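Please view the sequence and the model first, and then read on.

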Amino acid sequence: MHLSLTHVHASLGGTRVIRDVSLAARDSAFIGLIGPNGAGKTTLVRAVAALIPHDGLIELDGQAVVAMEPRARARAIAYLAQGAGSHWPLEVSRLVALGRLPHLAPFRQPAPADEAAIARAMHLADVENFRGRDVLTLSGGERARVLLARALAVEAPLLLVDEPVASLDPYHQLGIMEVLRAYAGAGRTVIAVLHDLSLAARYCDRLILLDQGVVKADGRPDEVLTPANLEEVYRIRAVIGGEGERFVLPVARTD
Amino acid sequence: MTRPLNAWLVNLTLTALTLALLAASIYVGRGGEFLTDKFRTMVEIDRELAWLVLTEVRLPRALLGLLVGATLGLTGAGLQGLLRNPLAEPGLIGASSGAALGAVLVFYFGMAVGSAMLVPLGGIAGALAALATLYLLAGRNPSIVTIILAGVAISAFCGALTSLALNLSPSPYAALEIVFWMLGSLTDRSMAQVWFVLPFMFVGWLLVLSTARALDALSLGEDTASTLGFSRRSVTLRAIAGTGLAVGAAVSVTGVIGFVGLVVPHLMRSLVGPRPASLLLPSALAGAALVLAADLLVRLPTGGPEPKLGVVTALIGAPFFLWLILKTRREHP
């Protein structure tokens, strides 16, 4: 897996939201995409998933994502939307199985390989206990894990997740972050849009800090989460601490 | 929620039920008698005439009941999946009111006497015109909201024009025909009409069925469906065009038959579960069974004018729908 963005621009409703972003990512990385509200994180992820048009070049293994055949792209890039949900009261195992749709040949039922991938995803996300339940009757934390399992079941080399831990309690936040790190460790890349800087610092190998559509910093968490960057981009003063178990505790606004 | 039944079992049972109702529709005559005395006498006097009644009167009526019911059930389930809304029904996109208007205009201008096929032709033309208008209004990459709004506008406009035709109707005879058209009926149809609608319905069914997996993916929203490899534009166009073609063809020969496309997918959802793709076949079968059963019901009165099929389906459908709402409210207070 080799993702590369070269001079990427993207607009929303005529406003330029992403400006001249260039970066590259390789196998086995858990990348956190951070930045204040409106920095363009979601837009950048959606551009990579080919959900919105962009200028410049976004390539996966040397092929432009917009030029890829939709099913091939669906096998290569999995995407979990912010606040994703289900419109119908689907059974959990059925919902997770939807992640295999890009792999199914027309008129074919899921093969043993698909069933195995579904089982792996459900195991990884720890949703086997409620596999027969209706997804709409689950708690917020359980539902978030089911929807994540759906994205994991694609077994795509690149997984994009948009705010996967928003609105979850600390226990479930840690659970989701561990799942994502385990997935990234298996030779795959995860790019997660994150707001919780402590979680980003603790779990990610690399952070990309966006500010007003521009990459402000890109590197190891300790290189990116500096007092200067936090003040300039987030307009906050924070206590940064911990040895190994890093944390970022915002204490005051600076403007 | 009760656990969904085995889909194969449901489909097999529904197929058997539909075939039984199809046979009943061919053999049961006015007053609900199984091969009426009148028919027996006819067989004794003139076998050929009796055979003609069976193949040219009863058979097309039964076949149209099957085809129209299957169309309404299938497209209702498909549209509810596409729009992710359990209140969607095939009439929503305007093709059926367009078809009704097209057929009514043929009556209005007194062309129906010229050829029996002009009415369904007018209906199909109306449905296609409604679809073309929808496409122009909703744009090349239509969103769900614009489709619904444009569909409602087209339906309202076609409905108004149909009422105007009734209003300005040149003769009481034409007015009566127009009213009958708006009520929906399977009586006095010919095999020629069956052959006429079949290709439109068949293409429509295939288009809707081709979206089955995409409808499943759409359960998780348009973005997720898109990243699962389904182009929103292609899925929407196939589902809407397929629905318009099949329902337009249905309305062009039987008039508007309401509530089947709305109620049947709900009923099937409680049997086989909510996954949109798994609802398509059972809804088609149950739609066919429901229309055939309702058409048997309208034959039961021995005397007087026959109640119109569309009236009966609405009379059964509306209270049933209320019951469904109350049931849902009990389950999810």
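In chain B, residues 24 or more positions apart account for 79% of the contacts with a separation of 6 or more; two residues are in contact if their C-beta atoms, placed from the backbone, lie within 7 Å. For chain A the corresponding share is 64%. The model is a predicted one, in which local features need pLDDT of at least 70 and side-chain atom pairs count only at pLDDT 80 or more, while totals for chains, interfaces and linings use all residues. Residues are numbered from 1 along each chain as its sequence is written, and chains are lettered from A and ligands numbered from 1 in the order in which they are written.

**The two chains**

The table sets out the make-up and extent of each chain. Helices (H or I, at least four residues) and strands (E, at least two) are DSSP runs, numbered from the N terminus. A residue is buried if 20 or more other C-beta atoms lie within 10 Å of its own, exposed if 12 or fewer, and partly exposed in between, with C-beta atoms placed from the backbone.

| Chain | Elements | Buried residues | Span of C-alpha atoms along principal axes |
|---|---|---|---|
| chain A | 9 helices, 12 strands | 45% of 255 residues | about 55 × 40 × 35 Å |
| chain B | 14 helices, 0 strands | 48% of 333 residues | roughly 70 × 45 × 35 Å |

The radius of gyration is taken over C-alpha atoms, and the globule rule is 2.2 Å times the number of residues to the power 0.38. For the 255 residues of chain A, a compact globule would have a radius of gyration near 18 Å, and the value of 18 Å for chain A agrees. Chain B has a radius of gyration of 20 Å, close to the 20 Å given by the rule for 333 residues, so chain B is as compact as a globular protein of that length.

**A sheet in chain A**

Four strands of chain A form an open sheet in the order β2-β1-β4-β5, with antiparallel pairing; two strands pair if DSSP finds at least two bridges between them. Because β2 (15-26) and β5 (63-64) of chain A stand at the edges with a single partner strand each, one side of each is left without a neighbour in the sheet. Strand β1 (residues 2-12) of chain A pairs with β2(A) over 8 bridges, and Leu3(A) stands opposite Ala25(A) in β2(A).

**Two helices of chain B**

The expected span of a helix is 1.5 Å times one less than its number of residues. Helix α7 (residues 172-183) of chain B, with 12 residues, should span 16 Å, and its end C-alpha atoms are 17 Å apart, which agrees. After α7(B) comes Gly184(B), with a positive phi near 85°.

Helix α12 (residues 260-272) of chain B has 13 residues and should span 18 Å; its end C-alpha atoms are 18 Å apart, in agreement. In α12(B), 10 of the 13 residues are buried, so this helix is largely enclosed by the rest of the structure. Among these buried residues are Val260(B), His266(B) and Arg269(B). Gly273(B) follows α12(B) and has a positive phi, near 95°.

**Where the chains meet**

Contacts link 18 residues of chain B with 21 residues of chain A. On the side of chain B that touches chain A, the elements that give two or more residues are α9 (212-218) and α10 (222-227) of chain B. The most, 4 residues, come from α10(B).
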